Amino acid sequence: MNAIAVNAIAIDGPAASGKSTVGFLVGQRLDFLFFDTGVMYRAVAWAILDRGIESEDREAVGRIAEQLSIGVNAPSDGETDGRQATIQVGELDVTWSIRAPEVDSIVPVVAANSRVRKALSRKQRLIGLEHGSGVAGKAGVVMVGRDIGTVVLPEAPVKIYLEAPLEERARRRFLELTERKKEADQAAVLDDMRLRDRIDSERADAPLRPAEDAFLVQTHGLSVLEVVDQILSLAAKRLGVGPAKADDSDLPLDASLGNDVE
Ligand code: CDP
């Protein structure tokens with residue numbers, strides 16, 4: 001039994017499985033808040049690099065996670081560099097620095113720390129419940145991560161788990177990096193992603209896995225819009241909600257999650 005009526009869509013899956021692209025569009029179509037929980041783990045990882053703390057120092061890293069002021073806000077009108085949200089640590093804009101390869105390398109270790117998970121998933125649950133219940137001005141929430149359906153919002157009536165082969169996800173991430181004019185080595189991106197998937201899946205606390213009642217979507221070969229449509233039809237059935245606006249104008253019709261890079 002769901003104790004709380006919450007208009008929530010939980011989207012989980014491994015790195016570069018398309019969670020943010022698809023989740024953002026679903027949020028736009030339903031006028032739901034889109035919230036990417038990964039940015040919070042990345043912000044903590046960025047902060048410990050910035051402060052010269054070892055990622056293995058569980059006490060110090062846990063303390064940072066509990067105390068860090070992380071801001072996640074809709075971009076302002078002047079911020080037109082492709083960001084989905086503006087991420088701040090204190091007053092500092094860290095939107096792009098949390099995507100650096102150095103952060104990628106340590107973020108799974110930081111995210112395996114139970115004290116970090118406790119601090120962040122508590123905040124995420126509050127955000128999810130607040131926006132999912134409609135009291136914060138949005139009709140609902142789309143929350144993406146690794147443990148949304150299992151731990152953060154297990155009562156979400158719509159739970160999605162996105163999958164795609166490792167090689168394909170690594171190609172997508174490589175393309176994202178080169179589009180942002182970052183130097184990247186395709187083989188290194190693949191190795192890093194394999195390692196990150198392994199640590200995320202094998203950690204004791206909230207490992208990456210689909211919730212028992214999650215709807216599995218293999219995105220290989222599907223376009224972005226096909227995946228979005230699958231989620232919207234599930235949302236229509238489970239939540240009784242339909243698109244607030246039919247606006248796909250920003251999206252090339254052939255945009256693909258599955259086989260966009262050769
Ligand atoms: O964008 P990408 O899928 O590569 O990663 P992300 O969603 O930004 O998440 C970065 C890291 O944060 C993941 O590799 C996990 O270690 C951690 N994470 C987590 O443990 N739980 C979440 N709900 C979200 C992210």
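Helix 3 and helix 5 run roughly parallel to each other in this predicted model. Their axes come within 8 Å and cross at roughly 5 degrees. An angle under 35 degrees counts as roughly parallel, so the label applies to this pair. Helix 3 covers residues 58-67, and helix 5 covers residues 114-132. On the side of helix 3, the contact is made by Arg58, Val61, Gly62, Ala65 and Glu66. Helix 5 contributes Arg115, Val116, Ala119 and Leu120. By class, five residues of this contact are nonpolar, one is polar and three are charged.

Helix 4 spans residues 101-111, and helix 8 spans residues 186-202. The two pack at an angle of about 5 degrees, and their axes lie 9 Å apart. Helix 4 is therefore roughly parallel to helix 8. Asp104, Ser105, Pro108, Val109 and Ala111 form the helix 4 side of the contact. They meet Asp192, Arg196, Ile199 and Asp200 of helix 8. Here the residues divide into four nonpolar, one polar and four charged.

These helices belong to a chain with nine helices and eight strands. Along the principal axes, the C-alpha atoms fill a box of roughly 50 × 45 × 40 Å. Of the 262 residues, 41% count as buried. Contacts were also sorted by sequence separation. Among those between residues at least 6 apart in sequence, 76% join residues at least 24 apart.

Two loop residues call for a closer look at the backbone. Asp31 has a phi near 55 degrees, a positive value in a residue other than glycine. Asp31 sits in the loop between helix 1 (19-30) and strand 2 (33-36). It has 14 other C-beta atoms within 10 Å and is partly exposed. That class lies between the limits for exposed, 12 or fewer, and buried, 20 or more.

Ala206 also has a positive phi, near 50 degrees, and is likewise a residue other than glycine. Its place is in the loop between helix 8 and strand 8 (215-218). Ala206 counts as buried, with 20 C-beta neighbours inside 10 Å. The cut-off for a buried residue is 20 or more, so a count of 20 meets it.

Methods. Residues are numbered from 1 along each chain as its sequence is written. This is a predicted model: local features need pLDDT of at least 70, side-chain atom pairs count only at pLDDT 80 or more; totals for chains, interfaces and linings use all residues. Helices (H or I, at least four residues) and strands (E, at least two) are DSSP runs, numbered from the N terminus. Two residues are in contact if their C-beta atoms, placed from the backbone, lie within 7 Å. Axes are lines fitted to C-alpha atoms, for helices over the stretch in contact, and angles run from 0 to 180 degrees between N-to-C directions. Angles under 35 degrees count as roughly parallel, over 145 as roughly antiparallel, 65 to 115 as roughly perpendicular and the rest as oblique. Ala, Val, Leu, Ile, Met, Phe, Trp, Tyr, Cys and Pro count as nonpolar, Asp, Glu, Lys and Arg as charged, and the others, Gly among them, as polar.
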